[in-house]
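Let's walk through this one together, question by question.

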Amino acid sequence: MEFSQYDVNALLQITNRPNLVFTEGRGMWLTDHNGKRYLDYLQGWAVNCLGHSPQCIVDALASQGAKLINPSPAFYNEPSIRLASMLTANSCFDRVFFANSGAEANEGAIKLARKWGKLNKSAAGENRYEIITFNHGFHGRTLATMSASGKSGWDTMFAPQVPGFPKAELNDIASVEALITDRTVAVMLEPVQGESGVIPAQPEFMQALRALTKQRNLLLIVDEVQAGMGRTGELFAYQLSGIEPDIMTLGKGIGGGVPLSAMLCREEIAVFEAGEQGGTYNGNPVMTAVGAAVLDELLKPGFLQSVKDTGAYLRAELLKLCDRHGLEGERGEGLLRALKLGRDIGPQIVEQARNLEPVGLLLNSPRPDLLRFMPALNVSRDEIDQMIAMLSAVLDKIGR
Ligand SMILES: *Cc1c(COP(=O)(O)O)cnc(C)c1O
């Protein structure tokens, strides 16, 4: 099929896409409308934690779909109860609210924190509602989560923005302390900043943040939409620093590719009253059945250790690539890693890698001088070797 036969203009233009239509996916591989295959290091944007169309997800969709699709959020359903119990049993949280996207889970966290701030007023008796977030952070594309994000320009793009999100600097505890006022109710951050180029919060910073928020009676909210669900080699990224946050949001990997997200909190913070939070599709049995199937895989003995080992292997191979091609270095946690190119050749590499023949390579360049790698968590060493060889060929062609 020719690309020109697709009427892509029926779609609202929201981003520049290459002239490719993907038709099939299996594991680390995607196939386009011409039958060309691509080694996929995007995986739906760090979403397909078990690769494309893993059997456990196909089975969960089929069997739950045949049984019950949606009894409405006004009633309990079995898969959502099962997944919530699995999440609370394996984390420091007691309660789970399911949603459909990372942004929606974060909206839930913001609403919960503001509600808690109404019940836990300042010394002067005022509602507390300000949530300190971070420059270069990313929390989603709704109005509130855009305001919470620290991407430059995002505060004015669809002005007026949602107020109440002063910005601190990651890994700078003094910058957080300086922003605390009588209105502050919480601090919210990504334990590893993803979209800004894979910048981990230092464990000492996370520990200092936990101590500071406790001391000042503030909530600590971790946005683990990208870094959670085994991506770093720990089930949750907060475990890297040994702290216990008050609220956590999950997305991306939790559904293994289907729209599912979650907001988790400790019992004392579960202050929503009936009618204050909800959503038509929230916690529907099909998506939560998939989530349970995904989490079953992540919890199998040895799975998270294999993410750590494979992450270390990817890191070592990226460092070799740096030596060979004079690149600046690499950073990240587990299988969320970035390669520092030292110059603005990221978009050029992405394009040339995709155009390689006979098989292409799909890469992401969140910043022009950076490549980000977010493979399936069960990527093989062979698939890492293939990616490195293809990337090396592209770097050879671009030259120094
Ligand atoms: C992707 C992402 C989001 C937004 O998730 P959506 O499902 O796109 O709404 C929020 N926070 C972080 C850290 C993310 O990486």
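**Reading the arginines and the ligand shell**

Q: Let's begin with contacts. Which residues does Arg 337 touch, not counting residues up to four places away in sequence?
A: Keep in mind that this is a predicted model. A contact list leaves out the close sequence neighbours, so what remains tells you about the fold. For Arg 337, the list holds Val 198, Gly 311, Leu 314, Arg 315, Leu 318, Glu 330, Arg 331, Gly 332, Leu 371, Arg 372 and Phe 373.

Q: And where is Arg 337 found?
A: Look at strand S14, which spans residues 336-340.

Q: Is Arg 337 buried or exposed?
A: The idea is to compare the relative accessible area with a cut-off: buried means under 20%. Arg 337 has 5%, so it counts as buried.

Q: Which polar partners does the side chain of Arg 337 have?
A: For a polar contact, look for N or O atoms within 3.5 Å. The side chains of Arg 337 and Glu 330 are joined by one of 2.6 Å. A polar atom of the Arg 337 side chain also lies 3.0 Å from the backbone oxygen of Gly 334.

Q: Now Arg 141. Is that one buried or exposed?
A: Arg 141 has 61% relative accessibility, so it counts as exposed. You'll find Arg 141 in the loop between strand S5 (130-134) and helix H5 (143-148). Leaving out residues up to four places away in sequence, Arg 141 touches Ala 103, Met 146 and Trp 154.

Q: What does UniProt say about Arg 141?
A: An unreviewed UniProt entry puts the annotation "binding site" on Arg 141.

Q: On to the ligand. Which residues are around the ligand?
A: Ser 101, Gly 102, Ala 103, Asn 106, Phe 138, His 139, Gly 140, Glu 190, Asp 223, Val 225, Gln 226 and Lys 252. By class, that shell has three nonpolar, six polar and three charged residues. Helix H4 (residues 102-119) supplies the largest share, three residues.

Q: How much of the ligand's accessible area does the protein cover?
A: On its own the ligand has 390 Å² of accessible area, and the protein covers 82% of that.

Conventions
Residues are numbered from 1 along each chain as its sequence is written. This is a predicted model: local features need pLDDT of at least 70, side-chain atom pairs count only at pLDDT 80 or more; totals for chains, interfaces and linings use all residues. Side-chain values use heavy atoms; hydrogens and water are left out. A residue is near a molecule or strand if one of its heavy atoms lies within 4 Å of it. Accessible areas come from the Shrake-Rupley method with a 1.4 Å probe; for residues, only the protein chains shown count as cover. Helices (H or I, at least four residues) and strands (E, at least two) are DSSP runs, numbered from the N terminus. Ala, Val, Leu, Ile, Met, Phe, Trp, Tyr, Cys and Pro count as nonpolar, Asp, Glu, Lys and Arg as charged, and the others, Gly among them, as polar. UniProt positions are given in the numbering used here, feature names are shortened, and annotations may be inferred rather than shown by experiment. Buried means under 20% relative accessible area, exposed over 50%, partly exposed in between (1.4 Å probe, protein chains only). Contact means heavy atoms within 4.5 Å. A polar contact is a pair of N or O atoms within 3.5 Å; within protein, one must be able to donate a hydrogen and the other to accept it, and residues adjacent in sequence count only if both atoms are side-chain atoms.
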